[in-house]
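User: I'm new to this one and would like to know what the labels on it really rest on. Could you take me through a few of them?

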Amino acid sequence: MTQNKSRVTHCMCVALAFFVFLFSQHMEAQNKKNKNKKEQTKETSTPSAKKEKTITELVKSSKKIEGLFPIYQDTITGSLQMIISDNQLDQEFIYFSQISNGVLDAGRMNRGAYMGSKVFKIEKYFDKIEFVIQNTSFYFDPKNPLSKSKDANISNGTIASITIAAQDKSKGLFLIKADDLFLGETLAQIKKPSKPGESPTAFKLGGLNKDKTKINSIKNYDENTNLEVEYVYSSPSVLNNGSNALADGRNVSIKVFHSLMSIPDNDYEARYDDPRVGYFTTEVDDKTATNSTPYKDLIHRWHLKKKDPNAAISEPIEPITWWIENSTPLEWRETITNGVLQWNIAFEKAGFKNAIVVKVQPDDATWDAGDLNYNVLRWTSSPKPPFGGYGPSFVNPKTGQILGADIMLEFAHFTNRVFYDKIYSLASLDTPFETPEDNESTYAYCSLGHQLQEDIMFASAAATAYAHSDYEMERIKKESMMALIMHEVGHTLGLNHNMKASQLFSPEQLNDAAFIEGKCLTASVMDYAALNVTKDRSKQGQYDDVTVGPYDVWAIQLGYKPFASESEHQALLNESTKPEHIFGNDADDMRSPGKAIDPRVMTSDQSNDQITWSIDRIELSNNLMKTVKNKFIKSGESYQELRRVYYLLSGQKATSANIISRFIGGVYIDRAMADQIGETQPYTPVSLKDQKRAMSALSKYVFAPDAFDAPNDLYNYLAMQRRGFNFRTPEDPKIHNQVLTYQKNVLNHILHYHTLQRISDSELYGNEYKLSAFMTDLNHAIFKADIYGNVNSFRQNLQLEYTGMLIGMLTGKQSSSYSNTSKSMALYNLKNIRTMASASGDIASTAHKQHLRTLIDNALKEIK
Ligand SMILES: [Zn+2]
């Protein structure tokens, strides 16, 4: 019956649709008739409308701003018109945008943030001008017939199609209305889309308000047209008003520089990427290649050409000029200049003298840092700075040529200003390198500053605790400033990070003040190495890099040296196996639990013996912890400083523990090409000795019952200074949570399914620390010392957490990611814990063991 009914309904639908179709055909015919009638009437009644307006008539009330694309701005309404000339049709240009000022509430929209560059073409379609973004991701060898089908299954992006308002046929000019092009999000998406799973109470940017959005400035040059637009996002009401950075959460301004520029017409030669050295790249796939690595990835570099091509060392025709913004504190200008110019040492080896020049922006300069024609070192002191340094550059996407760069520096990183939630929650340790959302590798967000700030505070705390002179404090600041500047300038020269560079020296060498004097403390300033703070304070020498490292010199040669032949280039690349050219970047680093495999590619570490170095740092922190009450309580001041130093020292211990943990299940990577001199083999598991050494260090410094002991009477003083109603509550120090977080960070790595899988797999190719041995050692480290007697509260926390993680491996959300062998060992360990936890102790320990047994019994029931 139901079936029949639905069939009837269906039939009726067809009939109805047929009727609607007939009716609409009739109506359409009728409308056409009416329309024709109307048009006829219009034409006969207003014959003057036939005459098209001329450009001169349409720009009558406008001011002309001459440049690449001449702009007319109406002097009454401010609206924009733009001229396109016919020799610009079918030509390619570059579009680039950056945030000239914004707020972090809206995502990464901070001052100076680059939004990448794209190639676009201007095309004419009947009475319209189109702006079409070109796809530059693929290469076809023009000699290969396949290149005829290079457009197959590839999309360009038509971002605008604007009706020509008037044209001057004799001069070949087209006038178009340009408000929609610049005042909307036509050229670039500015407001970030909301992500699934975002908290419904999070701050949300309103919709683009066209009435409030306006042009702030227009700067037009022969080679580029630049507009600053202030976008206003409005919402009638907001649940969350955002941070203090917003005066009114309902109306938020984001200022964006848009630049349209001509493609440089020069003899720049593209250079291609090699996995043995770390340049930023624009990825290009060679679609006509037949090998297994069809990559033609363009490295990013400046167009440097020798004035005298025959000289071994020559000045460049056009140097890379850096401007120190006039907002820079006077006392730092010399250090900054020195930092930038250190790179000239590397350029000399590549054949260039004075490749980089530094100038100071005059106080009465008429240009600002947003001007594309200037590379500027800028300072800000902003709320919750998103970076310590940021060195973005923008490139010609077709060649990789760097066309401009800026460096943003945050004042906070040279102060004791602390963002507790950022630095001490240790969430930062879990944050992987932030890959730009649109895959633009020209972004160079850099969290060196954050790490450096913590390290500067640590070095200062050590210096204060040992009553070093003011000179020592100045030295810490000066050297770390130099290091930060060199690092950020390195990004703007095209270099990305080298987190393996800290392998250069041994702990003994770093403890030898005379040996390290005047050197880079690692192979490269592009590392996030820890400051050199010696455990034996009498041996303290240099704290940070004061010049570029040997890897930097080599990398600059690879990017910039005019090679006489490809074989000369290859010969230099083949020097990658020299110990001082060691390289591994963010993609390989082990900051986040379970992420990568080579423990040498790590941040916040130092030396070629990271385990010894980390133990030294933990012991130094423990030594300092004993003195903090005496050294950091100042008469007449609150206890905020003491609290800061307590968290700082604990954080250093946690960071060191993470560094040690990466050796368990670690596999060293060698990216040398086959048969290259000095090549080992691509994968070599960490030796049994070093894995055992790491395990016993974790046992002693992370898991032992007394690992996080601090003088008990210190806790009474870890107080925050009250600030109105706006400070964290409840305010008491959460010591157990803090210690457990540090321990969990280590467990998250060594019990990660990637780590356990790798321990098993690498048993096949040289790993001698078997999964069964490691899991047994771990169980011992967490239980053996106290499970048969009284268990202190730190250990109770740890034992329960660890037991929960083992259960999670068997029955938790991620259990399917664990290998069967890991699961078997988890079960084996749980059963052992069950047996060990049967002994008694004081009431708290008895309760704790009962808790363990109950958890295990219940979990065992669930396992089928
Ligand atoms: Zn960096």
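Analyst: Happy to. Let's start with a term: a salt bridge is a side-chain nitrogen of Lys or Arg within 4 Å of a carboxyl oxygen of Asp or Glu. Arg-834 and Asp-857 have side chains that meet in one, at 2.6 Å from N to O. And keep in mind that this is a predicted model.

User: Which parts of the chain does the pair Arg-834 and Asp-857 link?

Analyst: Arg-834 sits in helix α22 (residues 820-836) and Asp-857 in helix α23 (residues 843-862), so the pair links distant parts of the chain, 23 residues apart.

User: Why is Arg-834 called partly exposed?

Analyst: Its relative accessibility is 27%. Buried means under 20% and exposed means over 50%, with partly exposed in between, so at 27% Arg-834 counts as partly exposed. Asp-857 gets the partly exposed label too, because its relative accessible area is 28%.

User: What makes Glu-801 and Lys-744 a salt bridge?

Analyst: Their side chains meet at 3.9 Å, N to O. The cut-off is 4 Å, so 3.9 Å passes. Glu-801 belongs to helix α21 and Lys-744 to helix α18, 57 residues apart. Glu-801 is partly exposed at 26%, and Lys-744 is partly exposed at 31%.

User: Are Asp-589 and Arg-591 buried or exposed?

Analyst: Both are buried. They form a salt bridge as well, with the closest N and O atoms 2.8 Å apart. Shared partners then join Asp-586, Asp-589, Arg-591 and Lys-595 into one network.

User: Which residues touch the most other members of the largest nonpolar core?

Analyst: Trp-343, Phe-347, Ile-356, Leu-493 and Ile-556 do, in a core of 91 residues. Helix α8 (residues 448-465) supplies the largest share, ten residues. A second, separate core has 54 residues, including Ile-94 and Leu-187.

User: How confident is the predictor, and where does pLDDT stay under 50?

Analyst: Mean pLDDT for the protein chain is 88, and 89% of its residues reach 70 or more.

Methods. Residues numbered from 1 in each chain as written. Predicted model: local features only at pLDDT ≥ 70, side-chain atom pairs only at ≥ 80, totals over all residues. Heavy atoms only, no water. Core = buried A, V, L, I, M, F, W, Y, C linked by side-chain atoms within 4.5 Å. Buried < 20%, exposed > 50% of the residue type's maximum accessible area, 1.4 Å probe, protein only. Helix = DSSP H or I, 4+ residues; strand = E, 2+ residues; numbered from the N terminus. pLDDT = per-residue confidence, 0-100.
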